[in-house]
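Biologist: Please put the model on screen. I will ask, you answer, and we keep it short.

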Amino acid sequence: MSEKLEDIARALVTPGKGILAADESTSTIKKRFDTINLTSTEDARRDYREMLFRATDAMKNYVSGVILYDETIRQNAKDGTPLVDIMKAAGSIPGIKVDLGAKPLAGPTAKIETITEGLDGLRERFAEYYKLGARFAKWRAVITIADGCPTWNCIKANAHALARYAALAQEANIVPIVEPEVLMDGAHASHDIDTCYRVTEWTLRTVFRELYDARVSLEGMVLKPNMIIAGQKCSKQASAAEVAEKTLKCLKETVPAAVPGIAFLSGGQSDEAATEHLSLMNAAGPLPWSLTFSYGRALQAAAIKAWGGKAENVAAGQRAFTHRAKMNGLAALGKWDQKLEKAA
Ligand code: 13P
């Protein structure tokens with residue numbers, strides 16, 4: 001495969017394929033395993049991720065790349081094969097989460113707002129991750145909508161960190177996934193869809209301004225944004241058509257056409273809503289960029305449940321994962337239909 005940034009970025013957003021976000025930190029994967037009463041040990045995490053990466057139909061046909069956590073990129077499958085080799089054999093590109101998490105942003109909103117950390121030593125970490133096989137990376141910034149939030153200070157600081165990360169990634173010949181997430185869930189999240197639109201527009205404009213200042217090559221990156229959607233606690237939820245329409249409008253206003261692709265996070269949407277929204281947007285094309293998924297929860301929730309942490313359920317877990325990957329692959333082409341969910 002070509003090692004050029006633009007080629008890797010384009011490969012990540014190949015029509016009909018998207019990204020599996022399997023980069024849950026140790027504390028986040030523990031929360032996922034808690035839902036099936038499974039203790040989160042190193043072996044359990046390995047077994048779970050090995051199950052996903054060995055789902056060959058899903059990995060070959062619908063998954064362009066996988067975002068890994070530091071532990072996983074160094075981990076071997078039960079038979080000793082590096083997990084990275086398993087996904088590469090299925091034609092999927094290994095990626096790595098490099099941020100060290102969202103920490104309270106010092107100042108008057110420290111109880112609500114965060115700044116993503118991890119820039120110190122990142123040049124050296126990128127060099128190591130490249131050797132371990134990573135060809136793309138992810139950094140997630142978090143923007144919270146609440147009373148008086150987000151502040152300009154929070155948006156500016158997070159956008160600046162994203163741009164510094166993206167420039168370091170490209171220097172290391174690694175494609176940066178730039179992820180500014182305006183939250184739809186969590187302790188606040190009672191905002192309506194139009195507030196999400198305004199905050200996302202403000203955020204994306206600031207991010208692209210910072211990327212420009214840092215001379216990040218737009219052709220060699222992928223944007224990972226939230227959709228334009230009401231907060232989970234808002235009593236007025238928008239229709240799927242409105243989510244699709246407002247998301248496309250916001251992205252067209254803010255994302256240059258030089259960006260090869262946009263891969264959404266699922267953010268707390270139900271599995272089917274995340275798929276439906278993506279399909280509606282692609283069906284409304286042609287679009288200036290490729291539009292696909294980089295889902296964590298919306299690709300994995302059904303698989304975790306079907307697996308339940310039991311070796312005898314590996315095939316069932318893989319079936320559930322493959323089904324969601326296929327549905328989202330179709331959505332990336334604008335060809336998903338609700339009837340296909342029942343057929344599974
Ligand atoms: P969700 O799809 O579960 O939001 O996760 C995507 C992700 O990688 C968040 O950083």
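Biologist: Which residue is the bridge partner of Ile67 in strand 3?

Modeller: Strands here are DSSP runs of E, at least two residues, and helices are runs of H or I, at least four, both numbered from the N terminus. Strand 2 and strand 3 (residues 93–97) pair in parallel over four bridges, and two strands count as paired if DSSP finds at least two bridges between them. In strand 3, the partner of Ile67 is Gly95.

Biologist: What kind of model is this, and how are its residues numbered?

Modeller: It is a predicted model: local features need pLDDT of at least 70, side-chain atom pairs count only at pLDDT 80 or more, and totals for chains, interfaces and linings use all residues. Side-chain values use heavy atoms, with hydrogens and water left out, and residues are numbered along each chain as its sequence is written, from 1.

Biologist: Which residue of strand 3 stands opposite Gly65?

Modeller: Gly65 has partners in two strands. Strand 1 (residues 18–21) joins strand 2 in parallel by four bridges, and there Gly65 is the partner of Ile19. In strand 3, Gly65 stands opposite Ile93.

Biologist: Why is strand 2 largely enclosed by the rest of the structure?

Modeller: Buried means under 20% relative accessible area, exposed over 50%, and partly exposed in between, with a 1.4 Å probe and protein chains only. Strand 2 (residues 63–68) is largely enclosed because the count of its buried residues is six of six.

Biologist: In what order do the strands of the closed barrel run?

Modeller: The barrel has eight strands, with parallel pairing. Strand 2 joins strand 1 by four bridges and strand 3 by four bridges. The order is 1-2-3-6-7-8-9-10.

Biologist: How much space lies in the largest pocket?

Modeller: On a 1 Å grid over the protein atoms alone, a cavity is a set of points where a 1.4 Å probe fits but cannot get out; a pocket is an open set with protein on both sides within 12 Å along at least five of seven lines; lining residues have an atom within 4 Å of a point. Points are joined across faces, edges and corners, and a volume is the space filled by probe spheres set on them. For the largest pocket, that space is about 970 Å³.

Biologist: Which residues lie closest to the centre of the largest pocket?

Modeller: The lining has 42 residues. Helix 2 (26–34) supplies the largest share, four residues. The closest to the centre are Thr28, Arg32, Arg140, Glu181 and Arg297.

Biologist: How many residues of that lining are charged?

Modeller: Asp, Glu, Lys and Arg count as charged; Ala, Val, Leu, Ile, Met, Phe, Trp, Tyr, Cys and Pro as nonpolar; the others, Gly among them, as polar. The lining of the largest pocket has 13 nonpolar and twelve polar residues. The charged ones number 17.

Biologist: How much space lies in the largest cavity?

Modeller: The structure holds one cavity of 30 Å³ or more. Its lining includes Glu181, Val182 and Asn226. The space in the largest cavity is about 40 Å³.

Biologist: Is Val182 buried or exposed?

Modeller: Val182 sits in strand 7. Among the residues it touches are Ile143, Val199 and Thr203, with contact meaning heavy atoms within 4.5 Å. At 3% relative accessibility, Val182 counts as buried.

Biologist: Which residues does Thr203 touch, not counting those up to four places away in sequence?

Modeller: Thr203 is found in helix 9 (residues 193–213). At 3% relative accessibility, Thr203 is buried. Its contacts are Ile143, Ile155, Pro180 and Val182.

Biologist: Which residues have the most contacts inside the largest nonpolar core?

Modeller: A nonpolar core is a set of buried Ala, Val, Leu, Ile, Met, Phe, Trp, Tyr and Cys residues joined through side-chain atoms within 4.5 Å. The largest has 90 residues. Helix 8 (residues 152–171) gives the most to this core, eight residues. Those with the most contacts are Phe53, Tyr165, Leu211 and Phe321.

Biologist: Where is Leu119 found?

Modeller: At 16% relative accessibility, Leu119 counts as buried. Leaving aside neighbours within four places in sequence, Leu119 is in contact with Trp139, Ala161, Arg164 and Tyr165. Its place is the loop between strand 5 (114–116) and helix 7.
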